[in-house]
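The paragraphs below lead through one protein chain, from its overall make-up to single residues. Keep the sequence and the structure in view while reading.

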Amino acid sequence: MVGHRASLAGNLYQATFSPRPTFTVTPRDASQPAHDVTADVLFGADGIKSITRAAMLDELAADADPTTAATAAVAVKDTQQAAYRIMIHQDQVKHDAELRALLASNQVIRWIGHKRHIIAYPVSQHTLYNLSTTQPDSNFAAATNATYTTRGSKAAMREVFADFCPLVQRLLSYVPEGDVCEWKLRVHEPLPTWVLGSVALLGDACHPTLPHLAQGAAQAVEDGAVIAVVLARLPNTEPASVHRALKAYEQVRKTRAYALVEMAAASGRALHLGDGAAKAERDKQFAALRQGQGPVPDKWADADVQREIYGFDCIQEAEERFDEYFA
Ligand SMILES: Cc1cc2nc3c(=O)[nH]c(=O)nc-3n(C[C@H](O)[C@H](O)[C@H](O)COP(=O)(O)OP(=O)(O)OC[C@H]3O[C@@H](n4cnc5c(N)ncnc54)[C@H](O)[C@@H]3O)c2cc1C
């Protein structure tokens with residue numbers, strides 16, 4: 001049996017990790033009793049606030065040699081950044097020729113400023129114009145731990161980008177009142193391990209990624225693809241075999257995922273520079289690009305980075321390295 005997040009209808013707690021993971025499921029429907037589930041393997045795909053991760057780190061800390069810090073608790077880090085995610089429907093811009101053209105195009109546009117940016121592109125077969133922003137996190141101060149999303153105010157959002165160009169002002173003016181949702185952006189330090197016994201973490205539970213490289217969910221998908229390969233090659237479902245297969249998954253995935261986490265953060269730092277020598281240098285690089293020269297400070301658009309991201313076949317890597325890692 002494979003434990004999947006959809007089956008974790010309520011809270012997951014008091015998990016044991018080996019030989020076979022056992023956890024308590026509390027159904028959302030309060031009339032249904034909580035019950036224990038034992039599985040051959042359990043995946044913690046429960047996001048940035050993962051309680052599977054917390055339970056795993058607690059267990060590691062309890063087992064740790066107190067003279068080493070290898071399993072010290074990994075706190076979620078405040079990035080001081082938040083994001084609006086906005087959709088503008090084609091009907092809302094039907095009288096605006098410039099925005100209609102943007103919606104019809106295959107162009108991705110990024111507008112950047114000090115500590116802020118907006119990236120925008122059409123989705124859903126050019127019927128929706130998708131905007132994702134980053135700005136200083138000032139709206140969550142009173143609710144730091146309670147929630148990572150909140151309904152935002154359109155006026156506050158427009159104020160954040162008030163010094164951006166007239167096209168941005170027009171775009172934001174079309175955002176429906178009441179449709180502004182703001183996300184708190186969080187990351188954490190790399191974990192000492194993604195695997196304990198027959199339990200493994202994936203996705204934001206183990207590698208939350210700033211959205212500046214559009215790779216958070218993409219890397220979670222790669223996790224899933226590699227997990228499928230290693231499980232398909234399991235010789236049996238004995239806990240020792242499951243554990244070794246999960247460690248093979250971790251070995252294929254961990255270095256790459258954390259490299260992209262760091263690259264996304266670095267790209268954000270470059271995009272959000274304020275006045276000074278570093279910004280002048282970055283802007284020189286953008287200018288050189290117009291002549292087709294040099295690296296792209298916006299890593300998401302850099303051809304070498306795109307090759308690294310999209311040219312890598314994680315399934316092939318898992319298939320080719322499985323025997324070596326499983327041994
Ligand atoms: C503004 C913004 C823009 C982004 N843009 C992109 C992008 O362009 N491209 C990209 O690839 N990524 C992007 N991301 C990142 C992407 O959203 C995440 O990386 C991705 O959602 C992670 O998937 P996940 O399944 O690991 O976690 P989540 O999507 O967080 O899913 C975890 C699930 O587990 C459930 N859960 C948690 N605890 C429990 C429990 N105890 N019991 C039952 N269920 C539980 C949650 O309800 C949730 O449904 C963006 C993120 C943000 C905030």
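In the protein chain, residues 24 or more positions apart account for 65% of the contacts with a separation of 6 or more. The model is a predicted one. The protein chain holds nine helices and 13 strands, and buried residues make up 32% of its 327 residues.

Confidence comes next. The average pLDDT of the protein chain is 88, and 89% of the residues score at least 70. Two stretches fall below 50. Over residues 1-13 the pLDDT stays under 50, and the model has 29 contacts for this stretch beyond four places in sequence. Residues 68-72 also have a pLDDT below 50, with seven contacts in the model beyond near neighbours in sequence.

A pair of helices can now be examined. Helix α5 covers residues 216-232 and helix α9 covers residues 314-326; the two pack at an angle of about 30 degrees, and their axes are 9 Å apart. Their crossing is right-handed. On the α5 side the contact is made by Glu 222, Ala 225, Val 226, Val 229 and Val 230, and on the α9 side by Cys 314, Ile 315, Ala 318, Glu 319 and Phe 322. Sorted by class, this contact of α5 with α9 has eight nonpolar residues, two charged residues and no polar ones.

Asp 313 lies in the loop between α8 (303-310) and α9. Is Asp 313 buried or exposed? Asp 313 has 12 other C-beta atoms within 10 Å, and a residue with 12 or fewer is exposed, so Asp 313 counts as exposed. Asp 313 and Glu 222 are 91 residues apart in sequence, yet their C-alpha atoms are 9.0 Å apart in space. Glu 222 is also one of the α5 residues that make the contact with α9.

Another residue of helix α5 is Gln 219. Gln 219 has 26 C-beta neighbours inside 10 Å; the cut-off for a buried residue is 20 or more, and Gln 219 is therefore buried. Which residues does Gln 219 touch, not counting those up to four places away in sequence? They are His 207, Thr 209, Ala 257 and Leu 260. Val 261 is 42 residues from Gln 219 along the chain, and the C-alpha atoms of the two are separated by 9.6 Å.

The loop between β13 (199-201) and α5 contains Cys 206. Cys 206 is buried, because 30 other C-beta atoms lie within 10 Å. Its contacts, leaving aside neighbours within four places in sequence, are with Arg 53, Leu 191, Trp 194 and Leu 201. Pro 190 is 16 residues from Cys 206 along the chain, with 7.6 Å between their C-alpha atoms.

Ala 54 is found in helix α1 (residues 51-63). With 18 other C-beta atoms within 10 Å, Ala 54 is partly exposed. Ala 54 and Ala 205 are 151 residues apart in sequence, but 9.4 Å apart in space, C-alpha to C-alpha.

Gln 80 is in strand β6 (residues 76-89), and its phi is near 65 degrees, a positive value in a residue other than glycine. Gln 80 has 11 other C-beta atoms within 10 Å and is exposed. Gln 125 lies in the loop between β8 (116-123) and β9 (128-136). Although Gln 125 is not a glycine, it has a positive phi of about 50 degrees. Gln 125 counts as exposed, with 6 C-beta neighbours inside 10 Å.

Definitions and conventions: Residues are numbered from 1 along each chain as its sequence is written. This is a predicted model: local features need pLDDT of at least 70, side-chain atom pairs count only at pLDDT 80 or more; totals for chains, interfaces and linings use all residues. Helices (H or I, at least four residues) and strands (E, at least two) are DSSP runs, numbered from the N terminus. Axes are lines fitted to C-alpha atoms, for helices over the stretch in contact, and angles run from 0 to 180 degrees between N-to-C directions. A crossing is left-handed if the near helix is turned anticlockwise from the far one by less than a right angle, and right-handed if clockwise. Ala, Val, Leu, Ile, Met, Phe, Trp, Tyr, Cys and Pro count as nonpolar, Asp, Glu, Lys and Arg as charged, and the others, Gly among them, as polar. pLDDT is the predictor's confidence in each residue, from 0 to 100.
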